[in-house]
Structures are given as C-alpha cells and as structure tokens.
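Hi everyone, thanks for coming. I'd like to walk you through one model today, so let me put it up on the screen.

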Amino acid sequence: MSALRRAWVRFRARRVAVAAGIVVLLLALAAVAAPLLAPADPLAQPDPVALQNLPPSAQHLLGTDRYSRDVLSRLLYGARVSLGVGAAAALLAVLLGAGVGVAAGLAPPAVDQLLMRSVDVGLALPRVFLILLVLALWEAAPPSLVVVLIALTGWFQTSRVVRALVLRLRESEFVQAARALGTGGWDLARRHLLPHLAPAIIVSATLDVGNIILLESGLSYLGLGIRPPSPSWGNMIQDGRDQLLTAPWVAAAPGLALLVTVVAFNLFGDGLQDALDPRRDR
Amino acid sequence: MTPPDGTPVRPYDRTPVRPLLQVQDLVVHFTRHSGLLGSRRETVQAVNGVSLAVGRRETLGLVGESGCGKTTLARAVLLLVEKTSGTVWFDGQDLHALPPAELRRMRRRLQIVFQDPYTSLNPRMTVGAAIREGLIVHRLAEGAAARRRVRELMEEVGLAPGEADKYPHEFSGGQRQRVGIARALAVEPELLVCDEPVSALDVSVQAQVLNLLADLQARHGLSYLFISHDLAVVRHVAPRVAVMYLGRIVEEGPAGELYERPKHPYTQALLSAVPVPDPVTKRPRIVLAGDPPSPVDPPPGCPFHPRCQHPAKDETCRTVRPELLDRGPEQRVACHKA
Amino acid sequence: MSDQREDRRTDPPADRRADPPADRRTADRDPAANGRNGAAGNGGAPGGPLLEIADLKVTFSTAEGVARAVDGVDLTVDAGETVGLVGESGCGKSVTALATLRLVEHPGLIAHGSRVRFEGRDLLSLAERDIRAVRGNHLALIPQEPAAALNPVLTVGSQIAEVVRAHLHVSRAEAAWRAIEMLKAVGIPDPEKRSRAYAHQLSGGMRQRVLIAIALACRPRLLLADEPTTALDVTIQAEILELLDRLQRELGMAVLLITHNLGLVAERTKRVYVMYAGQIVEEAPTVELFRAPAHPYTQGLMAAVPRPDAPRERLASIPGQVPPATRWPQGCRFHPRCPLAFDRCRAEAPPLLPAGEGRSARCWLVADEAYGRTAVRTYGGGRSAGERSP
C-alpha cells in the first residue's frame with residue numbers, strides 16, 4: 001500500500017475530519033455553482049422599499065437586506081469571494097514559503113541565514129496594519145491585490161517549516177544513499193524531497209485558508225477589501241451591523257457562514273495533518 | 001599530489017600493488033553550535049588523521065565504539081561529508097580533485113550499505129524504484145530493461161522479484177537490508193563500504209545477510225570496508241582489522257593476531273569486554289574506568305590515556321601523541337608502551 | 001487484601017561500599033558461581049521459588065487479528081538466582097516481563113488462566129494499590145531504552161527519590177539523600193552534582209546506571225533486566241554488567257536477564273530459558289545448554305552466532321523468518337524452519353518434554369530415545385557451540 005492510500009485509511013477513520021472535509025467540499029461546490037444556485041441576482045434591488053429587510057420566507061430563504069437584495073444569493077456569491085481569495089492567497093503563500101524554505105534548506109549557510117533573518121523580519125511585521133495601509137492608499141483596489149497582499153505577508157511560517165524538513169531530509173540516510181549513487185541536484189529534490197514536503201505543504205495551506213478567509217472578511221468589513229455592492233461576507237456583516245436587533249439575519253447569515261467555514265477548514269486541516277504524519281509510516 | 005604509486009600495502013609484501021582504496025591522513029572536523037542563541041561554537045574532531053588501505057577483492061574490518069568516528073570516516077570516503085584535510089585515492093585517483101562529472105562517474109565504483117534498514121530506504125519509494133535509481137542515474141538501463149535488471153538483482157540478494165512494487169515498510173529488517181545491498185549492487189561497484197550492515201538485525205537474520213555479503217564478494221570480486229562495533233561479526237568477516245578510537249586508528253593487523261594477541265591496551269580491553277557464548281572458559285576481564293571522552297575535547301597526548309590501565313603509563317602517554325608504527329609482520333600499533 | 005510487610009529496607013544504603021572503578025581490576029569470572037550469591041534472599045513461601053509464572057498468555061488485538069504474543073509460558077526464578085530468558089525480537093520476552101509486573105495495557109490483554117506468583121502471591125489478582133506496592137519495591141524492572149525510560153523534564157535525582165518516597169515513606173530530604181547514595185552505589189562520579197542533572201545531559205552509560213539506581217533503590221528481591229545493555233557500547237556494557245553482578249551479590253537479589261545476546265547469557269546466568277514464537281522452547285542449566293543444545297532452534301542460534309574466538313567459514317543460518325504473531329504455524333511453531341522436522345512436527349504441537357537433568361525442550365525429537373543427531377550439521381555451519389578451535 002502506498003503512503004497515499006495509508007494516509008487515506010487513517011483519514012477515513014476520523015469522523016470529525018471527514019465531516020469537516022465534506023463541509024469544505026460542499027462549500028467549494030456552492031461557491032463554484034453560485035450562479036446556478038442563487039435564486040436571485042445578488043446585486044438586484046427589485047423594489048427598494050417594499051422588499052426591504054424582510055425576514056426569511058419562502059421567496060427569500062434568508063430574507064433581504066436594507067437594499068432589498070436577497071441575502072441567500074449574496075451569501076453564495078460572497079462564498080465565491082471568500083473561498084476564492086482564501087484558496088488563491090493560501091496557495092500563493094504556501095508556494096512562496098515552500099520555495100524559500102527549500103532554497104534556504106539546500107543553500108550554503110550564508111544564504112540560509114540571509115533568508116531566515118528576512119523571514120524573522122517578516123514574522124515581526126504587523127500584518128493587518130500593513131495590508132490596511134496599502135489598501136487605504138490604493139484607490140479602488142482590485143481583489144487580486146488583496147490576494148497578493150495577503151500572500152506576501154503570510155508565507156513566513158511555511159518557509160520555516162519547510163526549511164526544517166529539508167534540513168532533516170538532507171541528513172537522512174536515503175538521501176545520502178541517493179547522493180552516493182550519484183543522483184544530483186534537481187533529480188534528488190524531485191525524487192526524494194518533494195514527496196516528503198508535499199504533505200507539509202498541503203497541511204500548511206489548508207490550515208492557512210481559515211485565517212485568510214477571516215482576514216479578507218475583516219478587510220471587507222472595514223471597507224477596504226471587496227467594495228460594495230459586490231457581496232463579501234465581510235461587507236455583508238458591515239451592512240447588517242446596525243440592524244442587529246431589527247433584521248438580524250442580514251448579519252447573522254454571513255457571520256454563521258464564516259464560522260462554519262473557518263471551523264470546517266481547521267478541522268479538515270487537522271485531520272489531514274494527522275493522516276499525513278510521516279511518523280506513522282514505519 | 002600523486003598517490004604513493006607502487007607503495008606496498010603491507011610492509012612485508014614484496015609485490016608492489018596499488019590498493020583500490022587508499023586513505024591518507026584524513027581529518028574531518030565539524031563545527032557545532034550550541035548554547036543559548038548558538039553562541040557557543042564547538043569543534044567536533046570526528047576523524048583525526050586516519051590512514052588505511054583496502055586492496056582489490058579484500059575486506060578490511062574497522063571496529064570501534066560510538067564516537068570513534070567510524071561512521072564519519074565511511075561518509076568522508078564516499079565524499080558524502082566534507083573533509084578538513086587529507087586525501088582519498090580510489091584506484092589511484094584523488095577523489096577530491098575530480099571535476100563533478102568525473103566524480104559522478106566514479107561514484108559507481110564505490111557504494112555504501114547503511115546500518116538502519118528503516119531509514120536508509122525512502123519510505124515513499126517502492127523498493128523496485130529504489131534499486132532502479134542507480135541504473136537511471138548512470139544510464140545503465142531504461143524502461144523494461146531496467147525493470148528486468150531490478151528483478152535479477154532482487155533474486156540475487158534473495159528477495160522475491162515479484163515484490164518490486166511494494167514499499168519498504170512491507171518488508172522485514174533483514175529484507176530491507178537486502179534491498180539496500182541490491183541498490184548498491186545495481187551500479188556494479190568495486191568497493192562496498194558497509195556501515196554496520198547487520199547491527200540492527202536479529203542473530204538468525206544477521207547470519208543470512210553476512211553469508212549473502214560473502215557470496216557477493218566471491219561472485220563479483222568486491223572489496224569491502226566493513227565497519228562495525230561488533231567484534232564477533234568483524235572477526236567472522238574480515239581477515240584484516242583496524243581498531244579506531246576517538247578519531248584515530250590505534251591498532252591494525254591480521255585478524256587472528258589482533259584478536260588473540262592484541263597489543264594496544266584499548267584493543268585488549270575491547271576484546272575482554274565482548275561476551276562470548278561459552279560459559280565454561282574463564283577469561284581475564286579488563287574493566288575500563290569512566291565514560292569515553294567526547295570527540296569535542298580529545299585529551300592531549302594519547303587519546304586513550306585517561307582510561308588506559310597499562311602499568312607503565314607515564315608522562316609521555318599524557319603529552320605525546322603516539323604514531324601508528326609497525327610492530328610486527330603487517331601489524332601497526334599506536335602506543336608508546338606496546 | 002493489603003499486605004502490610006514489615007519494611008526491611010530502613011537501613012540507609014550508606015553502609016554499602018561503592019568502590020570507585022578507578023583502579024585496574026581484573027575480575028576472574030567464575031561462571032559456576034553465578035546464582036550462588038552471598039546472602040541468599042529469603043523467598044516468599046518457604047522452599048518455593050521467588051517467582052513462578054504459569055501458563056502466561058498475553059494477546060494483542062491488532063488490525064490483522066489477534067496476536068498471541070505470549071502463549072503459555074512457564075518460568076521460575078529462585079531467590080538469589082540469575083536466570084536468562086533469551087530469544088530474538090518478536091518472541092515475546094519483553095512482553096513476558098511487562099506482564100509479570102502487570103504493565104500490559106490495551107490493546108494487550110493478559111489471559112485469565114495465567115498465573116504470576118511472586119513470593120507466593122498471585123500478582124495478577126491483586127488490587128491495583130497492592131500491586132503498586134510491589135512494583136519498584138520488591139520487584140523491579142530495568143526497561144530497555146535508557147533514553148526513553150527517563151523523564152526528560154525531571155532531574156535524575158528526583159526520579160530516584162520518587163521511587164523511594166513511593167515505597168519507603170520517608171521525608172523528601174531523606175529520599176533525596178538516598179538518591180545520591182544510590183548514584184554513588186552505581187558508580188556515577190560526583191553524585192551530588194549529577195543528581196541535579198537531566199537525562200539528556202548524561203551519556204548512555206550513565207543513563208543506564210540511573211535506571212539501575214531507580215530499579216534498585218528499594219532493594220528489590222527480583223530484578224527484571226530487559227536488554228539492559230543493548231543500547232550501550234561493549235566496554236560500557238562490561239562495566240554495567242560488572243556493576244549489576246556486584247550489586248546482586250550485595251543485595252542477594254535474583255535477576256531475570258532478558259536478552260537476545262547468547263554471550264551475555266553464557267557469562268552471566270545459571271539457568272536459561274529459550275523463547276520462540278511466544279513459547280518457551282528449551283530450558284536448561286547454562287553450561288548444559290551451551291554444551292549440547294537440545295532444541296533445533298537453539299542449535300540454529302548457536303550455529304548462527306559469530307564468535308570472536310572461533311571464526312567459522314560460513315555462518316549457519318536458520319532459513320526463513322519468524323512468522324507473525326497473528327498466524328503461528330500449526331503443529332510445532334518452528335517446524336517450517338526446522339531442518340529436522342518430520343510428520344509429527346507438522347501435525348502436533350509438542351509440549352515441553354524432559355530432556356535430561358533440569359532440562360526440557362519443546363521438540364518431538366527429544367522424546368526419541370535414539371536422538372543423538374544435532375541439527376548443526378544440517379544447518380551447514382562449521383563448529384557447534386561446545387567445540388573450540390584447535
């Protein structure tokens with residue numbers, strides 16, 4: 001049985017992680033299929049006065065907001081944003097971090113030190129403030145900028161983890177054996193290092209997604225991320241903020257969605273981490 | 001610097017024969033950072049001036065306890081670890097002076113078998129892929145031909161060829177060792193450095209692997225540098241043995257002589273400490289005092305002097321480092337009092 | 001039932017001479033003296049063995065089925081004796097030691113019919129509180145891996161003191177003092193300072209000495225030594241074994257030495273049990289076992305062991321491998337690998353049959369009067385154990 005299959009068996013055994021995984025899958029599907037699933041146009045304001053702030057009903061499963069937009073539709077489209085930004089930023093961050101980690105792990109000590117001290121600086125940066133600053137100064141920031149900013153400020157931890165792994169692998173006997181055989185550079189990395197790094201990278205990415213989604217929502221809440229009228233869970237919460245007593249569903253829906261999503265990603269990531277733990281492979 | 005061409009391997013050997021592997025004054029020191037913030041720097045003197053030679057079709061046994069540097073020596077000979085000074089010649093060529101492409105080709109000729117059957121194989125590669133790696137790297141075979149060769153090698157080392165697609169964890173320790181041997185054999189080496197190849201195995205499996213190594217040597221004309229802490233195993237395997245202590249060779253000679261009439265006090269203590277499966281014979285036991293010193297801070301003079309029980313131990317032992325000198329036919333000892 | 005034993009161990013360990021191993025000592029080992037130690041300890045029931053294991057069975061439930069790791073083991077140790085339990089990995093010897101102390105946990109299970117009598121009492125039926133009073137006190141274990149057995153965040157002194165306090169009801173100060181005395185007794189230099197050290201600051205040999213100190217702190221009657229020197233260098237091993245010998249003589253302690261190393265067994269034990277596939281396959285006085293091993297497995301082991309004194313052309317090796325504990329073979333468990341196996345071996349599992357004075361072997365060949373052949377020649381080895389090189 002290959003390492004992958006064994007990991008799958010281990011993962012399958014943890015019901016919580018499997019449940020979380022299913023939730024993640026459903027969320028992803030919902031996000032992708034938003035145009036098909038959404039009952040209404042998230043930006044449409046059919047009747048600004050009459051349909052305003054309606055509680056959940058048959059026509060509007062999650063009610064309407066102050067601009068009489070269907071909350072459910074906005075939620076689904078908002079999912080696109082959140083998960084899209086989450087996935088893209090996590091992927092970018094992790095690739096960046098892994099790249100630096102591998103470079104530092106394989107490079108001569110001087111280069112390694114240089115890279116790692118930069119990582120130290122990066123870890124010390126006040127991430128949120130930095131992003132806020134840039135977004136505040138940049139007029140009409142496109143979503144891609146948000147993704148890039150989040151990624152650029154979030155790869156540091158991954159690089160340390162990857163570097164530690166690479167250093168350890170370098171000393172392992174099977175790598176020594178490969179070097180003794182004459183395997184060099186790129187072949188060595190591809191054949192012997194990457195299969196071991198992949199699990200760490202995947203886990204790192206998955207656990208990051210939760211944080212990134214929260215970060216993006218925060219930014220949107222503050223008005224600096226995704227700008228209205230495009231829905232994002234963050235700005236939906238901002239919209240519904242002062243109506244918590246009169247029309248709680250407007251803010252509650254995205255709020256709950258956030259909760260469920262972040263928890264699901266975290267539990268899924270934890271489950272993955274346990275399942276892919278190389279120490280179990282003996 | 002050219003190797004001592006035609007220098008006899010053994011002083012009394014009339015025929016000048018260039019050994020396959022020759023190591024001259026090899027020194028390997030590491031710096032280690034310890035303490036808070038890595039502020040303290042220590043130099044680990046792992047190998048402190050070792051010279052040895054292994055001829056064609058010959059086996060040289062290297063014994064020593066933990067910390068003596070034998071594993072570092074093994075890796076340094078294969079250029080897996082950087083040397084601090086000294087030279088390693090293989091078939092007359094200075095390995096460190098070779099350009100990278102040449103070195104790569106040369107690597108085929110000297111291979112290594114590791115101690116731990118669990119960590120010496122990549123857990124995410126099938127054993128077939130592991131054995132095949134050498135063939136691919138050196139373009140010895142590809143595709144179907146490579147797979148066929150892998151099956152042949154597996155049979156040769158006593159594994160079922162049909163299991164090539166299994167992963168290391170599906171095999172026992174002894175079988176994994178065989179995979180490691182097959183992997184090394186794939187590139188048709190002339191010298192095999194065996195770093196404690198049977199230490200992690202049970203007695204009955206150990207015997208199987210040792211027999212396999214003997215067969216392979218006969219069949220392929222291999223030379224072995226056989227490293228172990230187990231004196232009984234080395235006695236069985238090597239006609240010539242060198243004893244290492246704290247980065248240096250302290251005694252070297254034919255196995256029979258060395259085991260029956262050891263000259264260096266450390267060799268004597270080492271041999272007296274080995275438990276022999278014989279409840280009847282009484283043997284004198286030399287019990288050493290204290291723990292072996294660390295290679296970070298080797299004592300001045302003779303490295304063994306703090307634990308040495310020789311009655312004539314004196315100031316010379318404490319201050320002057322003994323050289324490895326001839327003390328008999330094919331025997332060398334590094335001791336002022338031997 | 002709480003057995004209030006009078007505490008015989010109130011005398012401080014200070015009166016024990018701890019000779020510093022500084023001077024040259026040539027100790028001639030007289031193997032015949034093994035077991036006949038100085039003060040013969042007082043066994044439990046008068047005239048009975050100190051430890052009596054009967055029909056011990058331990059199973060583990062695994063994904064592949066039930067593993068019968070220990071499958072009907074009978075073993076005795078008399079007061080003051082040194083007995084060896086030898087076998088390769090997977091034979092069940094470590095589990096036997098753990099089961100004796102009732103340290104087997106889920107998914108392991110000690111089967112109901114098993115009996116472990118120590119000083120006359122069945123340990124397996126004691127209440128938890130009572131068995132804890134025995135463990136570390138009268139019956140101690142030296143576990144296998146020195147690095148793993150010590151708590152890395154506690155000083156070694158406190159770990160010794162912990163045992164003392166658990167059983168001897170003394171003050172903290174007194175326990176600490178005893179800990180230092182124990183460190184001195186096991187030959188650790190500068191014991192006051194070392195007692196405040198942490199495990200990682202000590203070398204392998206020192207850690208093993210600390211484990212011995214912990215095991216002997218309350219002067220047990222019986223010591224289970226599970227591969228006490230496997231992780232150590234040969235010269236350190238020799239020191240540790242000399243130490244154990246000396247302490248054993250001083251304390252009149254019995255030792256069950258569990259190892260895979262036949263050399264250790266030959267030098268240090270009076271009687272030996274050989275274990276294979278969860279069962280005892282041979283029992284004999286040590287000298288007899290090495291002179292003429294009766295069971296083909298024992299013969300195979302002896303033929304396969306390389307020796308520093310008598311090199312052989314080719315090591316005899318036992319063909320095949322140890323089968324998994326979930327699927328022991330039918331009939332005699334060794335028959336698939338045995339060069340002397342015949343029909344009865346495949347069909348019927350042999351019990352332990354008498355094979356001479358104080359000897360038994362689990363082999364049908366022993367029941368055969370004409371059994372004079374040895375398996376050694378069939379294994380293809382050079383010399384058998386009893387022969388020396390000319």
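Let's start with a pair of strands in chain C: β10 (residues 271-276) and β11 (residues 279-285) run antiparallel and are joined by six bridges. If you look for C:Y273, its bridge partner in β11(C) is C:E283. A word on terms: helices (H or I, at least four residues) and strands (E, at least two) are DSSP runs numbered from the N terminus, and two strands pair if DSSP finds at least two bridges between them.

Please keep in mind that this is a predicted model, where local features need pLDDT of at least 70, side-chain atom pairs count only at pLDDT 80 or more, and totals for chains, interfaces and linings use all residues. Residues are numbered from 1 along each chain as its sequence is written, while chains are lettered from A and ligands numbered from 1 in the order in which they are written.

Which sheet do β10 and β11 of chain C belong to? It is an open, mixed sheet of eight strands, in the order β7-β8-β9-β3-β10-β11-β13-β12. At its edges sit β7 (139-142) and β12 (353-354) of chain C, each pairing on one side only. Helix α7 (residues 204-216) of chain C packs on this sheet and touches β7 and β8 (222-226) of chain C. The direction of α7(C) makes about 170 degrees with that of β7(C); axes here are lines fitted to C-alpha atoms, for helices over the stretch in contact, and angles run from 0 to 180 degrees between N-to-C directions.

Chain C has another antiparallel pair to show you: β1 (residues 51-62) and β2 (residues 65-77), with nine bridges. A hairpin of two residues connects β1(C) to β2(C), and C:I53 stands opposite C:L75.

Over to chain B, which also has an open sheet of eight strands with mixed pairing, ordered β6-β7-β8-β3-β9-β10-β12-β11. The edge strands there are β6 (110-113) and β11 (325-328) of chain B. Within chain B, β9 (residues 240-245) and β10 (residues 248-254) pair antiparallel over six bridges, and B:R240 has B:P254 as its bridge partner.

How do chains B and C meet? 50 residues of chain C are in contact with 38 residues of chain B, contact meaning C-beta atoms, placed from the backbone, within 7 Å. On the chain C side, α8(C) gives the most, with six residues.

Key
Contact = placed C-beta atoms within 7 Å.
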